[in-house]
Each structure stands twice: as structure tokens, then as C-alpha cells.
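These are my notes from going through the model, one topic at a time. I wrote down what I looked up and what came back.

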Amino acid sequence: MKLLTHNFLQCHIKGVKNGYPLNIEAVKIEERDADFDPDFLRSMFKRIDWKAFLVGAQALGCAEGLPQAVSEEQLQDDGFLQKFHHALLEVCLEEGSLICPETGRRFPVVKGIPNMLLNEDEV
Amino acid sequence: MGKSERPEHTAPPDIFYNEDEARKYTSNTRMIAIQEKLTQRALELLALPLDGTPRLLLDIGCGSGLSGEALTEAGHAWLGLDISEAMLDVAVEREVEGDVLLGDMGQGVPLRQGVFDGAISISAVQWLCNADRSSHEPRKRLKAFFESLYRCLARGARAVLQVYPENAMQAEMMVAAAMKVGFSGGLVVDYPHSTRAKKFFLVLMVGPSSYAPQAKGLDGADEPMSEDEDVDMGEGGQVRNEGRQRKRHGKPKGSSKSGAQLKSKSWVLKKKAQMRGKGYTAIPVDTKYTARKRKKGF
């Protein structure tokens, strides 16, 4: 699972109000090469929740060099985009869990696939 | 899956799509070709603006990632959701570009508000019309699915869901559930006059839109046979049993007095012209499909 995906995931247990962002507990992290596409990164940046992204990047150990806030100029800067690209698309969580911030419910991640299935009493 | 048997009737999706079934989706060229064609058509109906920017799409019921591959080819990023672990394992093995989630669309998609530029789904949503457990209520599950889908799509985004409704009631149920949560749009039926090629697409829009999708084959035409379909029907799939054919004596079948091959296109056209000349009015018009040969069944 990439941080791009993590940024969109939220806990959907019935009654949960603050199911975002899910905390990451990493057991195994892998890096994979992805094609660098500045246009795509810029369009993705608009819908990324930066705060949640930073928290996720810290959990996956790739937050180094990522600023607390991003200005318009930085989006044109290749150096920043490279780092953003690396953390967003190349670092993958292989094994671990995602934890709902409100209920503490764990969603296991196995072989890079988050298991978001709910039990019947959570629907 | 037998020809007449619907997979929805055999077992719940997480059971039905087991490892064996999942393998088929990587080895069966016919299945792959069909999936790819449906995805192409769904993308066409999605009608994303052609400005070259890669979009972020959601693939509901992504399975082994066949539809996702078609999305990658079209240059888009995607996130897939499926309930079958076996299918997702195959997707990961095949190293598809998008990430995949294990989840049940009937429980709602676990995604944040307004992030996706569009959603597609190939042959999946009709599963929601079945109650596979005592706790399942199709209407509730449809509602949960469409509500969460509506929420995670950006304003002005569209969702194209290709479905196999079992009957008119099911189709109506799905459309009604989608409209109830705020989608506009409706059902597009391609090749409505053909039993084989008929395909249903739920085309849904978030917010008002002037987009009017166009169905294919409304003039009664059947789906044109594509080249790749001919290819995979090729030698491997054909059974030849020459030994069973009887030797014929006398005049070979298929030639008539006039010299035109019996039942050939020229013969059919001639007969139709004759009938018209006799004053019959109910003779079908001549088209490129007239007297076209059917594909061999097996």
C-alpha cells in the first residue's frame, strides 16, 4: 500500500466520526520504482491531506526533507517533487496494520493489501 | 461457470472467486478480452476530458486487476476494491500499478470525501442484489454502497458501472438506489436487440451535468466481431471431427441452378429483390449484415 492510498482511506465503522487519518503500524516496508510525473504529482497534491501525509510518511520512515507546509513555488521545484514522489508512490507498506484513531480498531495489511472488511456488528 | 448459470446463484463472491476461479482470469484469453473490452467501453462512457492529465479513478470489484490494467494503459492512476482475497492476490502477483483494498462494497467504500475523478466497475454491482448472509439486506447494502461512492467522488465526477442485472426489477432497484442518494444519470443499454452482446451500464453523475451518454447498437445491429475475438476462437478452441462427416454423392450442396452459391449473399439479395418485386413489404432492408455468416458455435 502506497501513502497515496493511505491518504484516502478512512475508517467506515458505523458511528465513527473521526476515522481519519488511520495510524500506521509498520512491520515490513518495501520500496518500488515508479515513473516520475510532475503533472500527476501536482494534480494529486491538490487532494492530498498534507498533515495526514506527513504522519504517514513518518510511520514509514520517509518523512525526511518533507516540509511542514508546501508553497506554490515548491510545487514547481524539482527537488521537492522528487521527495514528494518518493514518499507518495515508491514507499509501500507490505505488512502491518492501520489503526482507527477513534476506536483503535486494527485493519491488518497483508502482502500490501489492507483488509478493510468489517464485522457484522460494525456495519 | 456454465453458460446459463449465474455466479451470483452459486456462492457469495468471496467464496465463488477462489484461487481456481482467480486463475481463470489470468489464463483464459476469452475472459481477459471481454474484461478489457468492457473496461474500454466504460472509459468511453466515463468521458473524461482529454487534456492529457492522468486522473485518479476508483475500480470497484477490481478482481485480479484486468480492468485496472486497461486504466493504466489509458494513463490513469487507480485504486481497486474487491471482496475476494484470492483475486487480489493474483492482482498483486501480476504487479498491477494501482493499489488494491480488500473490502465489501456493500459495507460502503472506506474512502475520504471528494477525492476521485471517476469510478468504474465491471460486472460487480449486481452481486449486491443478493443476500448471501442472513444479515444482508440488498436494499441497505445498495444504499451504503451508493452513499459512500457518492461521497468519495469529486463534484462533477462520473461513475460507470457495468452490471448484469438478472431481470428488469434488479436493474430498477440499482438505478433507484443510486438516484436516492443524489446521483443523476441512468441506465445505458448497448445492443439492446441482441441477447449475446447486450450490456448494461449504470452511468451516474455527481451534481448536475449536461452529459448524455450514447448507447451502441440501437439500430438493431449486433456487436461487430472484433479481430481479437476471432483470434482467440482460433485453432486451439475448435474441435474438428472430420471423421464423422458423411461422404456426399452427386451434386455438391450449396450450388443452385443459377450458379449462385445457395444461401450466399448474392443469392439472398436476389431472393429479397424477387419478393419485393412480388409486392411483399415486410422484407428487411439490405445492410452489410445481410446474409452474414455466423461464427461457429464450437
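Entry 1, sheet in chain A. I looked up how strand 3 (residues 106-110) of chain A meets strand 4 of chain A, and found 2 bridges joining them in antiparallel fashion. This is a predicted model, and I read every entry below with that in mind. Within that pair, Val110(A) stands opposite Ile113(A) of strand 4. I then took in the whole sheet of chain A: it is open, has 4 strands in the order 1-2-3-4, and pairs them antiparallel. Strand 1 (23-31) and strand 4 (113-114) of chain A are at the edges; each has a single partner strand, so one side of each lacks a neighbour in the sheet.

Entry 2, contact between the chains. I asked how many residues each chain gives to the contact, and noted 22 from chain B and 25 from chain A. On the side of chain B, the elements that give two or more residues are strand 2 (77-82), helix 6 (85-93) and strand 3 (99-102). Strand 3 of chain B gives the most, 4 residues. Sorted by class, this side of chain B holds 12 nonpolar, 6 polar and 4 charged residues.

The UniProt record, an unreviewed entry, places "domain: Methyltransferase type" on residues 58-160 of chain B. I checked what that stretch is made of: residues 58-160 of chain B are 31% helix and 27% strand.

I compared the length of helix 7 (residues 138-152) with expectation. At 1.5 Å a residue its 15 residues should span 21 Å, and the end C-alpha atoms are 21 Å apart, so the two agree. I listed its buried residues as Arg141(B), Leu142(B), Ala144(B), Phe145(B), Phe146(B), Leu149(B) and Cys152(B). What covers the buried residues of helix 7 includes strand 1 (56-60), strand 4 (116-122), strand 5 (153-163) and helix 8 (168-180) of chain B.

I located Asp222(B) in the loop between strand 7 (199-205) and helix 9 (227-232) of chain B. Is Asp222(B) partly exposed or buried? It has 16 C-beta neighbours inside 10 Å, and therefore counts as partly exposed. Leaving out residues up to four places away in sequence, Asp222(B) touches Tyr191(B), Ser194(B), Ala197(B) and Gly217(B). I also took one distance: Asp222(B) and Ala77(B) are 145 residues apart in sequence, and their C-alpha atoms are 33 Å apart in space.

Methods: Residues numbered from 1 in each chain as written. Chains lettered and ligands numbered in written order. Predicted model: local features only at pLDDT ≥ 70, side-chain atom pairs only at ≥ 80, totals over all residues. UniProt positions renumbered as here; feature names shortened; annotations may be inferred. Contact = placed C-beta atoms within 7 Å. Nonpolar A, V, L, I, M, F, W, Y, C, P; charged D, E, K, R; others polar. Pairing = 2+ DSSP bridges. Buried ≥ 20, exposed ≤ 12 C-beta atoms within 10 Å, placed from the backbone. Expected span 1.5 Å × (residues − 1).
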